Amino acid sequence: MLIDNGLLQVILSIPDGDVIGIWYNGIDNLLEIQNEENNRGYWDVVWNWPGEPIKYDRIQGTTYKIVTQNDDQVEISFVRKWSVSANQTVVPLNIDKRYIVRRGCSGFYNYAIFERPEGLRDIEMDQVRIVYKLQNAKFHFMALSDARQRDMPMPEDRITGQPLAYPEAVLLTDPINPELRGEVDDKYQYSCENQYNRVHGWICGDPPVGFWMITPSNEFRTAGPIKQDLTSHVGPITLSMFVSTHYAGKEVGMKFRDGEPWKKVFGPVLVYLNSVLPEEDLGNLWQNAKEQMYVESDTWPYSFTESEDFPSSEERGMVVGQLLVRDRYITEKYLWGGFAYVGLASPGEVGSWQRENKGYQFWCRADRKGNFIINNIRAGDYNLYGWVPGIIGDYKYEGNVTITPGSAINLGILVYRPPRHGPTLWEIGVPDRTASEFYVPEPYPTLMNNLYSKNNQYRFRQYGLWERYADLYPRDDLVFHVGVDDHRKDWFFAQVTRNLYNYTFTATTWQIVFELETVKETAGYVLQLALASVTESDLQVRFNDPSIEAPHFATGRIGQDNAIARHGIHGLYWLYSIPVLSSRLRSGNNIIFLTQALAINPYQGVMYDYIRLEGPPEL
């Protein structure tokens, strides 16, 4: 099936609903013509029966229909209904893929309705995405943001390169473009937080054409605004990730139990195409794509979708309010919740939004005074969640927030009282849910991605930084002296394992050395311990006695973020308020021993967000 709006032509397979061809600006097909037709533009799902191996399902329709065809737009539906006789790799859901081509629009919209009828067998679903594979003879330049743009290797370069510690990472030893020789390529180096993952794609130089994935809203993505995910990478490949366990683990994967029904609309997202004259700067393609992203965001929710499962703006509601912070150990006055993240997500416990995956989420950033406006909220019951940069912990509004079509709810002034036991005796780091303020080392010169060689903001995206710990601390583990050392230079960004020999690893124990003038023997203390990421770790805390077998506190085995290996500076957020008996402290010199006790591979470890020792409460 060919759809032509005068600016582009889109060819869809019948009845599968794969995108097999895109004609634009004189290029017969922007997609990789060497690939099979079902391996160019498609939806796929990774899923499994509980306790069984994962399955891969490339979503292809079995029936199709033209939903709308008029002078303004065409919308096509490709449906696959599940039946008990379906192939065992087919995820047990009813799926309706939709494509929309509009008059005057240099691109086409993609969305899908996933539905699980009541009574079906238990399943788990860890990934839902759209994949586009472009002509590798045409598209060589990739752009993710103003600061993250570069010429990319070819697929053949990864085949001829040297495999590194895991399959995604390859050292380019004989690339077609010799300027890339000696660099590392790894698709996870181009990951991005949901809040910033709004437009990314590729540029062809001859003729000058851009291919972009524009995401106008995050409402249909899982796990909140700072969840990280893949964007574009060598192929050339452009993705739209809706569900994944990246930088979080199975904790954020979907789990359906006891026959529960479910329905969700993923998208629409826009595949946007643009071009410039041959004599123009190719950078104008990126600038124009950004401008189009803002246009799409400003017109969300779209008014032209035909599915009854996608509500219009009139069928949605809004919430406004102001978030303040009350912490008398900072100031006796109320603090503005400046630039707080405030959002609506499915009802749950405090902080549950970062693991929530079945519903919709609606987030905004407050202004400097904590005022927030959340627009275009689907009707339903939600909890309101939030957190404030610079303040530990999570806020949750005490009651449900019920959105009805056209509703405008003013919650008034909300007050967040963060965890606090007593005055701050000392602190390490900045409570921002990342480890970015700590020391991120230079990468090995032979294992660099030159995109980040002069960009300290993204240095953590370099390969192999976990191995630099042993270079900096060859014999003894990190020791941090409060009041003397600087966390920006003296606190390594991740507490990793130590490689003894022949891929044999041992636990590491870091020390925090500090002085107390006096200890109030009848009063308690608290250690606030915030973690930015955890991967298969058991963090144990001991006060002044490293030899005791049972730690004073232990997290137990937690975390599947894999952020160390995948070049992330955070994963899921963990906060522990650890009571400290005064008998465990002493006047004068004290040491806290932090042991990451599990050591099987080099990627296990924790990233700290913030540590604070609080004294007894003041009257």
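A cavity is a set of points, on a 1 Å grid over the protein atoms alone, where a 1.4 Å probe fits but cannot get out, and its lining residues have an atom within 4 Å of a point. The model is predicted: local features need pLDDT of at least 70, side-chain atom pairs count only at pLDDT 80 or more, and totals for chains, interfaces and linings use all residues. Residues are numbered from 1 along each chain as its sequence is written, and side-chain values use heavy atoms, with hydrogens and water left out.

**Exercise 1. Cavities**

Task: State how many cavities of 30 Å³ or more a search of the whole structure finds, and which residues line the largest cavity.

Solution. 
- Step 1. Rolling a probe the size of a water molecule over the atoms shows where empty space is left.
- Step 2. The search of the whole structure gives four cavities of 30 Å³ or more. Grid points are joined across faces, edges and corners, and a volume is the space filled by probe spheres set on the points.
- Step 3. About 90 Å³ is the volume of the largest cavity.
- Step 4. Its lining consists of Ala223, Ile226, Lys227, Gln228, Tyr247, Ala248, Trp353, Gln354, His570, Gly571 and Leu572.

**Exercise 2. The largest pocket**

Task: Give the volume of the largest pocket and the elements that give two or more residues to its lining.

Solution. 
- Step 1. A pocket is an open set of points with protein on both sides within 12 Å along at least five of seven lines.
- Step 2. The largest pocket has a volume of about 760 Å³.
- Step 3. It is lined by 26 residues, of which Pro216, Ser217, Asn218, Trp363 and Cys364 are the closest to its centre.
- Step 4. Two or more lining residues come from each of helix 2 (283-298), strand 27 (362-365) and strand 28 (371-377). Helices (H or I, at least four residues) and strands (E, at least two) are DSSP runs, numbered from the N terminus.

**Exercise 3. Salt bridges**

Task: For the salt bridges of aspartate 18, lysine 263 and arginine 468, find the partner and the distance between the closest N and O atoms.

Solution. 
- Step 1. Side chains of opposite charge can pair when their charged atoms come close. A salt bridge is a side-chain nitrogen of Lys or Arg within 4 Å of a carboxyl oxygen of Asp or Glu. The structure holds 30 of them.
- Step 2. Aspartate 18 pairs with lysine 97, with 3.7 Å between the closest N and O atoms. The two belong to distant parts of the chain, 79 residues apart: aspartate 18 in the loop between strand 2 (8-12) and strand 3 (19-24), lysine 97 in strand 8 (residues 94-102).
- Step 3. Aspartate 18 is buried because its relative accessible area is 1%, and lysine 97 is buried, also at 1%. Buried means under 20% relative accessible area, exposed over 50%, and partly exposed in between (1.4 Å probe, protein chains only).
- Step 4. Lysine 263 pairs with glutamate 115 at 3.9 Å. Lysine 263 is in strand 23 (residues 262-275) and glutamate 115 in strand 9 (residues 107-116), so the bridge ties together parts 148 residues apart in sequence. Lysine 263 is partly exposed at 37%, as is glutamate 115 at 32%.
- Step 5. Arginine 468 pairs with aspartate 471 at 3.1 Å. About one helical turn separates the two because they are three residues apart in helix 3 (residues 468-472). Arginine 468 counts as buried at 15%, whereas aspartate 471 is partly exposed at 41%.
- Step 6. Through shared partners, salt bridges also join Glu124, Asp126, Lys250 and Arg257 into one network.
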